[in-house]
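Please open the structure in the viewer and keep the sequence at hand.

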Amino acid sequence: MHPELPVGAHLVPAAPRPGAPHVPVRERHGLHHGGRGLRPGGAGAGAGPGLRGAQEESGLVRGTNVFGVLRAPRAASTEALLLLVPCSEGSKNNQAVGLLLALAGYCRGQVYWAKDLIFLVTEHDLLGTQAWLEAYHDVNLTDIQSGGIPGRAGAIQAALALELSSDVVTSVDVAVEGLNGQLPNLDLLNLFHSFCLKSGLLCTFQGKLPPPEGPSGPAYAQSLRTLGLMVLGQAGGGPGGAHGLFLRFRIEALTLRGINSFRQHKFDLGVLGRTLEGMFRKLNNLLERLHQSYFLYLLPSLSRFVSIGSYVPSLALLLLVLALRALDLWMRLSRGEEGEGETPPGEARGSLLWLVPPILVSWGAGTALYLLPVRGQAVATQHFPVGEAEAVVLALIGIYVAGMALPHSTHRALSGGGQRGWMSLKLVALLALALLLSCLALLNFSLGFLLGATLVPPAAAVRPGGNRLPLAVLLVLTTPGLSLFLAVLLERELLEAPAGLGEAWQRFLGALGQGLLQEHLHGAHLSPLLCLGAYPCWLLLWNVLFWK
């Protein structure tokens, strides 16, 4: 390592081999986020750091990414490794930039590299990272418009994102959650953890110290808190760091955050630099991609994991409840068609027609919840004294509550058919919910499990008639919106920083806006899944409860 390399030194790419294209050290990106929703900005628009003034007023975010490529001296440049330092406005991550430059200066003097090394500094955090990835792979997955890259390194095999809060590091916290619940190969995490143990560097997960060794109550409690934080973070669907955007390109990546929280442990940046160099040397020796370890797992700590074969049965049991309840309804409806039921034949023939209005209204409300808040924000800001973000969140809440009032306001027009009507509607709701949870079990287990744990009990118990108040309270408590609010409270409890109702409400509103923003900027699936999947299924159950 060369820690004496000044932070302001320029990162110059290594000289390419004869015939290889020159790789530039600048790439630009731009994004519009005003007016009618989120729309792309002009291609190739670039600006320096700290952009202010008229461009902010016009809703255009511009930035410049700087990167350099260290060519492998005796290889064909078909593979590459990447070190990323995401930067935002100000001096938030300056120490990481200095460490990147020092590591680049050291690596230039070595001859054992078999893979190209890419050193990347991005502006605007996730926006800059997304813009660079799309430009590097020559694709356009989001509304971000990037300047082209005339030259590239090899296919990126692995990436590390580095974030430092100060020049004194007491521990390195590892973030693994990627976009839409994706996770990196477990071998990459184990490799970094083993290097930290070898160098004496304290490595933490979810900001928690490693649990005490041996079976004990405090160890189990801490592991459970860590596991709960990972489930909540993965269910949110957003990237836990800049590394989360690499996973969608099949690039194994981690985010390493140097924090200064545990005063009993102190390390200088040289220890972290040696650990990073050792990581790259190990990855440099790989002959193939990381693929033999787990991609689906949950972590109670860095030294232990829960494999998919252990936690999937919990969601399978919830799906079994739905399947058995649906089978019971189907058999009861079949007996009714054979004349053994209490409904007349004319009512049985028209039962399917009675299902059309509530199904159309429920999915129409979900579609309106998904489309109208963003598309109508310009109209709302013109007629009401609110900003764009406030208009979107208020429209979300308004449409959500209006959907809950549909069974009351249109009760006579949308219900009928007596017992066969509500049984048929509940059968449709159970099948739709089971299909949604089955798909989520493969895409994002944590989100599927949380939705199943909240929606399956009322789905199995709801029925019209009798005392509806307890079931109505249960349905309201398990509505997706209130479940998100309770998840915010639970996360603060697990972080051992409890939030009051006022702070929790502000965090809840921020989570709503952040969910929409991540869906438009990065393609996160949480917002469409809740609006077009979970909310309509819940509305069908709400209609069943108030069926006439």
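The stops below concern cysteines, a glutamine and a surface patch.

This is a predicted model, in which local features need pLDDT of at least 70 and side-chain atom pairs count only at pLDDT 80 or more, while totals for chains, interfaces and linings use all residues. Residues are numbered from 1 along each chain as its sequence is written, and side-chain values use heavy atoms, with hydrogens and water left out.

Select Cys196 and Cys203. The closest cysteine sulfur to that of Cys196 belongs to Cys203, at 4.2 Å, which is too far for a bond. Cys196 is buried, at 0% relative accessibility, whereas Cys439 is partly exposed at 41% (buried is under 20% relative accessible area, exposed over 50%, partly exposed in between, with a 1.4 Å probe and protein chains only).

Next, select Gln234 in helix H5, residues 217–236 (helices are DSSP runs of H or I, at least four residues, numbered from the N terminus). Gln234 is buried, with 5% relative accessible area. Its side chain reaches the backbone oxygen of Gly181 at 2.9 Å. Leaving aside residues up to four places away in sequence, Gln234 touches Glu177, Gly181, Leu183, Leu298, Asn444 and Ser446 (contact means heavy atoms within 4.5 Å).

Finally, select Leu320, located in helix H7, residues 308–337. Leu320 is partly exposed, at 42% relative accessibility. Which residues form a nonpolar patch on the surface? They are Leu317, Leu320, Leu324, Leu327, Trp330 and Met331, with about 640 Å² of accessible area together (patch residues have over 30% relative accessible area and no salt bridge, and nonpolar side chains, Val, Leu, Ile, Met, Phe, Trp or Tyr, are joined within 5 Å, like charges within 9 Å; accessible areas come from the Shrake-Rupley method with a 1.4 Å probe, and for residues only the protein chains shown count as cover; a salt bridge is a side-chain nitrogen of Lys or Arg within 4 Å of a carboxyl oxygen of Asp or Glu).

Technical notes: Disulfide = S-S within 2.5 Å. Helix = DSSP H or I, 4+ residues; strand = E, 2+ residues; numbered from the N terminus. Polar contact = N/O pair within 3.5 Å; in protein donor to acceptor, adjacent residues only side chain to side chain.
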